[in-house]
Amino acid sequence: MYNTFHDLGFKGSIRYIGSQLRSVEAFRAIRNNIPNFSLLLSVECFSKRHELMRAEKASLSMKDIKQLLSLSIEYGFITSYLYILGLEPLSEFKEGLNFLKDSVNRFPIFQILQNYTVEQEIYRVHEAKNIRFYLEARKQIEFCFHNKNLYPH
């Protein structure tokens, strides 16, 4: 597919957002066929994975996530993850943030939990119903990455 795009004048990068790329074989095939590739691993939360995600995505443990991100860097890819603030307490957010900080070479994407239906509010932890939660989360993010030379875009 990349070759088809390239033949049409495309010289950009391919960015993949998801959690299905999990094998050395897949990473090798990508490296051999796509010169500019970015992996944005869809993590969403660190601690409540089995409670909040479908089984396929929840099957990735934090150790698995760290290994995939590190493998992505080894293969020369721009590497980061996506996370949704509000799904878990700050203490668990901070722990996961620090666990993964050396496994990315691009600043992670942090989103704020958005309810698409009224019923989805049950997923927001109590402390995330206050603006102080998000201000403290931002401080944690800035502290975590201040020596990594990674900044939000």
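Q: Where is Leu 69 placed?
A: In this predicted model, Leu 69 lies in helix H5.

Q: Why does Leu 69 count as buried?
A: Its relative accessibility is 0%. A residue is called buried when the value is under 20%, so Leu 69 falls in that class.

Q: Which residues is Leu 69 in contact with, leaving aside its neighbours within four places in sequence?
A: Leu 69 is in contact with Leu 41, Thr 79, Ser 80, Tyr 81, Leu 100, Ser 103 and Val 104. What makes each of these a contact is a pair of heavy atoms within 4.5 Å.

Q: How far apart are the C-alpha atoms of Leu 69 and Cys 45?
A: They are separated by 15 Å, and the two residues are 24 places apart along the chain.

Q: What is known of the way helix H5 and helix H6 meet?
A: The axes of H5 (residues 62–74) and H6 (residues 90–100) come within 10 Å of each other and cross at roughly 35°. The crossing is right-handed. On the H5 side the contact is made by Met 62, Lys 63, Ile 65, Lys 66 and Leu 69, and on the H6 side by Gly 96, Phe 99 and Leu 100.

Q: How do the residues of the contact of H5 with H6 divide into nonpolar, polar and charged?
A: There are 5 nonpolar, 1 polar and 2 charged residues.

Q: Why is Ser 72 called buried?
A: Ser 72 is another residue of helix H5. Its relative accessibility is 0%, and the limit for buried is under 20%, so the term applies to Ser 72. Not counting residues up to four places away in sequence, Ser 72 touches Phe 27, Leu 39, Phe 77, Ile 78 and Thr 79.

Q: Why does Ser 19 count as buried?
A: Ser 19 has a relative accessible area of 1%. With the limit at under 20%, Ser 19 is therefore buried. Ser 19 is found in the loop between strand E1 (14–18) and H2. Leaving out residues up to four places away in sequence, Ser 19 touches Leu 41, Ser 42, Lys 57 and Leu 60.

Q: What makes Arg 124 buried or exposed?
A: The value for Arg 124 is 14% relative accessibility. Buried means under 20%, so Arg 124 counts as buried. Arg 124 sits in the loop between strand E4 (109–112) and H7.

Q: Which residues is Arg 124 in contact with, leaving aside its neighbours within four places in sequence?
A: They are Gly 86, Leu 113, Asn 115, Lys 129 and Tyr 134. The C-alpha atoms of Arg 124 and Leu 87 are separated by 5.1 Å, while the residues are 37 apart along the chain.

Q: Why is Glu 44 called partly exposed?
A: The relative accessibility of Glu 44 is 22%. Buried would need under 20% and exposed over 50%, so Glu 44 falls in between and counts as partly exposed.

Q: Which residues of the largest nonpolar core touch the most other members?
A: They are Phe 46, Tyr 81, Phe 93, Leu 97, Phe 110 and Phe 145, in a core of 43 residues. Two or more residues each come from helix H2 (24–33), strand E2 (37–44), H5, strand E3 (78–85), H6 and helix H7 (131–145). H7 gives the largest share, 6 residues. Setting aside neighbours within four places in sequence, Leu 97 is in contact with Phe 46, Tyr 81, Phe 110, Gln 140, Ile 141, Cys 144 and Phe 145.

Q: How many helices and strands are there in the chain?
A: The chain has 7 helices and 4 strands. Their order along the sequence is α-β-α-β-α-α-α-β-α-β-α. Of its 153 residues, 42% count as buried.

Note on methods
Residues are numbered from 1 along each chain as its sequence is written. This is a predicted model: local features need pLDDT of at least 70, side-chain atom pairs count only at pLDDT 80 or more; totals for chains, interfaces and linings use all residues. Side-chain values use heavy atoms; hydrogens and water are left out. Axes are lines fitted to C-alpha atoms, for helices over the stretch in contact, and angles run from 0 to 180 degrees between N-to-C directions. A crossing is left-handed if the near helix is turned anticlockwise from the far one by less than a right angle, and right-handed if clockwise. Ala, Val, Leu, Ile, Met, Phe, Trp, Tyr, Cys and Pro count as nonpolar, Asp, Glu, Lys and Arg as charged, and the others, Gly among them, as polar. Buried means under 20% relative accessible area, exposed over 50%, partly exposed in between (1.4 Å probe, protein chains only). A nonpolar core is a set of buried Ala, Val, Leu, Ile, Met, Phe, Trp, Tyr and Cys residues joined through side-chain atoms within 4.5 Å.
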